[in-house]
Amino acid sequence: MKSLWNDKEASQYNDDLGLRVYTSRLLGLDASLVLHGGGNTSVKITENDIFDEPQKLLYVKGSGWDLETIDRPGFAPVDLDHLIKLAELPVLSDPDMVNELRTNMTNASAPTPSVEAILHATLPFKFVDHTHADAIVTITNNADGKKRIEEIYGDRVVIIDYIMPGFDLARVCAKQFAEQAHDKTEGMVLLNHGIFSFADTAQESYERMISLVNEAEEYLKTQNAWDYPQNKSVSLDSNAGNKIDNRIAIAQLRQAVSSVAGCPMILSADNSEKMLSFAQQENILQLAKQGPATPDHVIRTKQFPMLGRDVDAYVEEYKGYFEKHASHSKDKKTMLDPAPRVIIDPEIGVVGVGKTAKDAKIVTDIYDHTVDVISRATLLGGYQALPGQDIFDMEYWVLEQAKLKKSGNSPEFTGEIVLVTGGYSGIGKACVDAMMKNGAAVVALDINPGIENLYVSPNYLGLICDVTDEDQLCECLSQAVTAFGGLDMVVLNAGMFPGGCAISEMTTELWKKVMAVNLDANLALLREAYPLLKLSPKNGRVSVVGSKNVPAPGPGAAAYSASKAALTQLSRITAMEWGKDGIRINIVHPDAVFDTGIWTDEVLQARAKHYGMTVQEYKTKNILKTEISSNDVAQLVVATCSHLFAKTTAAQIPIDGGNDRVI
Ligand code: ZN
């Protein structure tokens with residue numbers, strides 16, 4: 001681990017808060033220091049208040065901000081003297097503490113200050129940095145962790161036995177720091193939790209963090225506890241040779257987990273060699289059941305992972321865990337949903353489970369570091385996480401429970417997965433966009449390589465695919481299931497319009513080409529998607545982009561009209577065959593959608609001229625005299641997949657502004 005401090009970069013920040021932003025981001029860049037909202041930093045600044053009187057403030061990281069991307073508004077300014085006074089109280093409940101933090105800010109729109117704010121306030125240095133560094137939690141999650149920390153740092157750090165984050169931790173740290181710190185003190189190690197560094201400049205505080213953590217990493221290396229063996233033997237992917245079964249196995253797992261959670265969940269599988277080797281270890285049961293590396297992780301990962309795929313057995317185990325520990329808690333607790341958040345399976349690897357793709361991905365990221373910590377701690381002498389009761393108290397911490405409850409009112413497709421063909425442009429792109437806005441994880445296929453980078457979001461997987469190639473389609477389904485856990489909705493959109501061509505001129509080759517894209521590819525995708533749609537927690541849905549040409553064909557578009565008519569008929573029969581599985585399929589028939597790639601200004605002008613119209617007249621030549629956009633069609637596609645169409649299947653809905661030939 002190296003210091004990333006750069007004088008030139010730092011010189012762009014000419015005030016204390018700016019430098020606080022800069023070095024916080026440097027910490028955030030290293031995932032072995034802080035991960036997804038973990039860790040926090042602060043700076044003490046004196047500012048003039050509204051009466052022009054100086055006021056001492058603690059600018060501390062606000063909740064909801066990640067160090068990697070934090071900016072000035074991410075730091076909450078709190079009255080420093082008030083915080084120091086709070087630390088002297090004998091007791092303060094956690095909700096009361098949060099109330100004090102929020103009501104003593106000088107900016108009403110600042111985020112809620114970190115629950116570690118009081119601890120930051122009591123450390124008598126301008127800059128304070130706090131991380132949950134992997135190396136520190138590796139060493140302290142050991143039977144003789146404290147002894148090893150003393151061995152590494154001598155009396156250069158103050159050592160605090162484990163206490164759950166919150167007011168008690170702040171009070172104890174303030175007291176012990178005051179008693180033990182001296183002019184050679186560089187940091188404070190919180191056993192089973194993390195490390196603090198501090199100094200009067202941003203650079204020194206940051207570089208102390210780096211050098212303290214470096215010492216811990218070097219220690220692990222000298223103890224031969226850094227590199228650990230990775231030997232994977234089998235994976236579901238390579239072994240079975242039958243990718244369909246593998247897809248179904250994961251989708252079945254998702255269905256079972258969603259049923260326990262009470263809502264659709266995203267499963268993000270990590271089948272890297274590292275994760276598979278870990279999952280295949282003989283003593284995995286003993287290793288993985290011990291608990292998380294730092295209490296900060298337990299909110300996302302729960303106390304222990306599920307091993308294998310028996311969700312019912314896990315639920316029983318979790319209920320037992322809850323009953324055992326809840327009876328020792330001082331407050332009455334209600335059980336959180338008993339669905340696992342981490343699944344470890346020797347063939348699938350490590351699976352993160354979350355209500356959104358982002359949450360599921362955070363879980364696999366956290367577990368990637370947990371694997372490092374457990375594996376190295378094992379080499380060091382044995383991984384030993386906190387006692388179960390401490391982890392339970394953290395998992396059921398009143399503040400954390402309040403946070404979980406707040407996350408209500410999510411978009412309709414949260415936790416669901418949709419596949420859109422032809423997603424790179426036009427109606428397909430608008431569907432991708434609309435589905436993401438409605439909370440779905442989207443798998444977008446397109447022959448255009450630009451599809452891979454159309455969006456950068458944990459909710460998005462763009463895959464290059466020629467939909468007429470069945471092998472490519474199957475590979476895309478496998479990747480979709482690995483990334484998100486299954487499939488709930490399919491939007492059959494990819495299609496081609498070959499341009500005007502009279503039947504007398506039509507080559508068989510062109511006819512076949514149009515049929516291959518507009519019809520045959522959809523049969524193959526429907527067939528391959530069927531077993532996955534059957535396993536959808538909220539019932540599978542298919543939305544088909546047809547065409548006005550189905551009810552009202554026009555001369556010169558024989559191949560296009562025939563292919564879309566056949567696709568419509570295919571969809572109607574699909575509705576009949578799959579209704580027993582709760583899967584519904586509806587068809588939208590758009591007309592005159594001009595905001596797509598093929599309709600350039602020149603083409604529009606030429607067509608308008610052909611009809612003796614202005615471009616605007618041409619665009620709105622329908623009963624309602626209205627323009628139809630790709631987004632309008634996408635909104636209708638979304639509606640057909642939503643609760644609005646829960647009791648409708650095989651409907652054909654025009655979106656054409658009204659057409660007297662269709663009416
Ligand atoms: Zn912490």
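**Sheet edges and salt bridges**

Student: How many bridges join strand S10 to strand S11?

Tutor: Four bridges link S10 (residues 342–345) with S11 (residues 349–354), and the two run antiparallel. Helices (H or I, at least four residues) and strands (E, at least two) are DSSP runs numbered from the N terminus. This is a predicted model: local features need pLDDT of at least 70, side-chain atom pairs pLDDT 80 or more, while totals for chains, interfaces and linings use all residues. Numbering starts from 1 along each chain's sequence, and side-chain values use heavy atoms, without hydrogens or water.

Student: What stands opposite Ile 344?

Tutor: Val 350 in S11.

Student: What is the strand order in the open sheet?

Tutor: S8-S11-S10-S9, four strands with mixed pairing (at least two DSSP bridges per pair). S8 (266–270) and S9 (306–307) are at the edges with a single partner strand each, so one side of each has no neighbour in the sheet.

Student: Switching topic. How many salt bridges?

Tutor: The count is 28, taking a Lys or Arg side-chain nitrogen within 4 Å of an Asp or Glu carboxyl oxygen.

Student: What does Asp 81 pair with?

Tutor: Lys 56, with the closest N and O atoms 3.6 Å apart. Asp 81 sits in helix H3 (residues 80–86) and Lys 56 in strand S2 (residues 54–61), so the pair ties together parts 25 residues apart in sequence.

Student: And Arg 148, buried or exposed?

Tutor: Buried, at 11% relative accessible area (buried is under 20%, exposed over 50%, partly exposed in between; 1.4 Å probe, protein chains only). Its salt-bridge partner is Asp 144, at 3.1 Å between closest N and O atoms. Asp 144 is partly exposed, at 27%.
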